[in-house]
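The stops below are given in the order in which they may be selected.

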Amino acid sequence: MTSTLSPYLHFGQISSLEIVHEIKKAKEKNFINQATYDGIFEQVFVRRELAFNFVYYNHQYDQFEHMTEPWAYITMEQHQDDYRPHLYTKDQLEKAQTHDPYFNAAMQEMILSGYMHNYMRMYWAKKIIEWSNSYKEAFETTLYLNNKYFLDGRDPNSYTSVAWNYGRHDRAWTERPILGKLRYMNDKGLERKFDMSKYIHYIESIKK
Ligand SMILES: Cc1cc2nc3c(=O)[nH]c(=O)nc-3n(C[C@H](O)[C@H](O)[C@H](O)COP(=O)(O)OP(=O)(O)OC[C@H]3O[C@@H](n4cnc5c(N)ncnc54)[C@H](O)[C@@H]3O)c2cc1C
C-alpha cells in the first residue's frame with residue numbers, strides 16, 4: 001500500500017498527526033483492518049519520527065562521515081577496493097544511461113514525476129552504491145539526485161532514508177562483494193515483488 005502523501009507532508013499541507021487520527025477513525029469503523037492500520041502507523045509515525053529525530057540530534061546528518069553506524073563504516077572500508085564491474089558518473093546516472101532497464105526507468109520516473117515507490121527508491125540507491133567509485137561519492141550523488149528531483153526531497157526523511165541505504169537504522173546482513181554487510185537488493189527481488197514489464201511500460205507512457 002502506498003499513499004503518495006509524502007509531498008503533502010513535506011510541504012506541510014497535512015500533518016502526520018492528522019493522518020494518524022484519520023486512520024484510527026477508519027479502523028474503528030472497520031474501513032481498514034488492524035494490519036493496514038499498523039502498516040500506515042509504522043511508516044507515517046514511527047519511521048517518519050525516527051527520521052526527524054535523527055536529523056534533529058545529528059547536526060552532521062548530511063555528511064558521509066557522520067551519517068551511519070560504526071559497523072557500516074567498517075564493512076565499507078573493508079570493501080572499498082572490491083572490483084566494480086560497472087562504474088557510472090553522476091551525469092550518466094542522472095541521464096539514465098546505465099545497462100539496467102529498471103534503474104533507468106526509476107531514474108526517468110523520478111525526473112518526470114518527482115515520485116518513486118519506496119521499494120524502487122531502495123533499489124535505485126543500492127545500485128548507485130554498486131556503480132560508484134567510492135561509498136562517499138555514491139552517498140553524495142544519491143542525495144544530490146534525491147533532493148533535486150523528488151517533490152518530497154530536502155526533507156528529514158530524505159537524509160535519513162538515504163543514510164538507511166548505508167546501514168543507518170538497519171542491521172548487518174550476509175556479507176557480499178561491494179556492499180559488504182550493507183543490505184543488498186537485486187533485480188530478481190523486484191521481479192518477484194512487482195510486474196516490472198508493466199512498470200517499464202508505464203514509464204514509457206509518461207515519457208510521451
Ligand atoms: C533512497 C530513498 C530515498 C528516500 N527519499 C525520501 C525523501 O526525499 N522524502 C521522503 O519523504 N521520503 C523519502 N524516502 C522514504 C519513502 O520512500 C517515502 O517517504 C515514500 O516512498 C513516500 O511515498 P508515500 O507517501 O506513498 O509513502 P507511504 O508508503 O504511503 O507512507 C506514508 C508516509 O510515511 C512516511 N514514510 C514511509 N516510509 C518511510 C521511511 N522508510 N522513512 C521515513 N518515513 C517514511 C512518509 O512520510 C510517507 O509519506 C526515501 C526512501 C529511500 C529508500
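**The ligand and its surroundings**

Select the ligand first: 26 residues surround it, and the closest are Ser3, Ser6, Asn157, Ser158 and Ser161. Please bear in mind throughout that this is a predicted model. Next, colour the elements that give two or more residues to this shell, namely helix H1 (6-10), helix H3 (34-57), H7 and helix H9 (156-164). H3 provides the largest share, with 5 residues. By residue type, the shell around the ligand holds 13 polar, 8 nonpolar and 5 charged residues.

**The two domains**

Now colour the chain by domain, with domain 1 covering 1-57 and domain 2 covering 60-207.

The C-alpha centres of domain 1 and domain 2 are 24 Å apart. Their contact takes 11 residues from domain 1 and 13 residues from domain 2. On the side of domain 1 that touches domain 2, the elements giving two or more residues are H1 and H3. H3 supplies the largest share of that side, 6 residues. The residues of this side of domain 1 divide into 6 nonpolar, 4 polar and 1 charged.

**Helix H7**

Proceed to H7, residues 118-130.

How many of the 13 residues of H7 are buried? The helix is mostly covered, with 10 of the 13 buried.

**Glu130**

The last stop is Glu130, which belongs to H7. Why does Glu130 count as buried? Glu130 has 21 C-beta neighbours inside 10 Å, and a residue is buried if 20 or more other C-beta atoms lie within that distance. Apart from neighbours within four places in sequence, Glu130 is in contact with Arg84, Ile178 and Leu179. Finally, select Tyr88 together with Glu130: the two are 42 residues apart in sequence, and their C-alpha atoms are 9.6 Å apart in space.

Technical notes:
Residues are numbered from 1 along each chain as its sequence is written. This is a predicted model: local features need pLDDT of at least 70, side-chain atom pairs count only at pLDDT 80 or more; totals for chains, interfaces and linings use all residues. Helices (H or I, at least four residues) and strands (E, at least two) are DSSP runs, numbered from the N terminus. A residue is buried if 20 or more other C-beta atoms lie within 10 Å of its own, exposed if 12 or fewer, and partly exposed in between; C-beta atoms are placed from the backbone. Two residues are in contact if their C-beta atoms, placed from the backbone, lie within 7 Å. A residue is near a molecule or strand if its C-beta atom, placed from the backbone, lies within 6 Å of it. Ala, Val, Leu, Ile, Met, Phe, Trp, Tyr, Cys and Pro count as nonpolar, Asp, Glu, Lys and Arg as charged, and the others, Gly among them, as polar. Domain bounds come from an automatic or database domain assignment.
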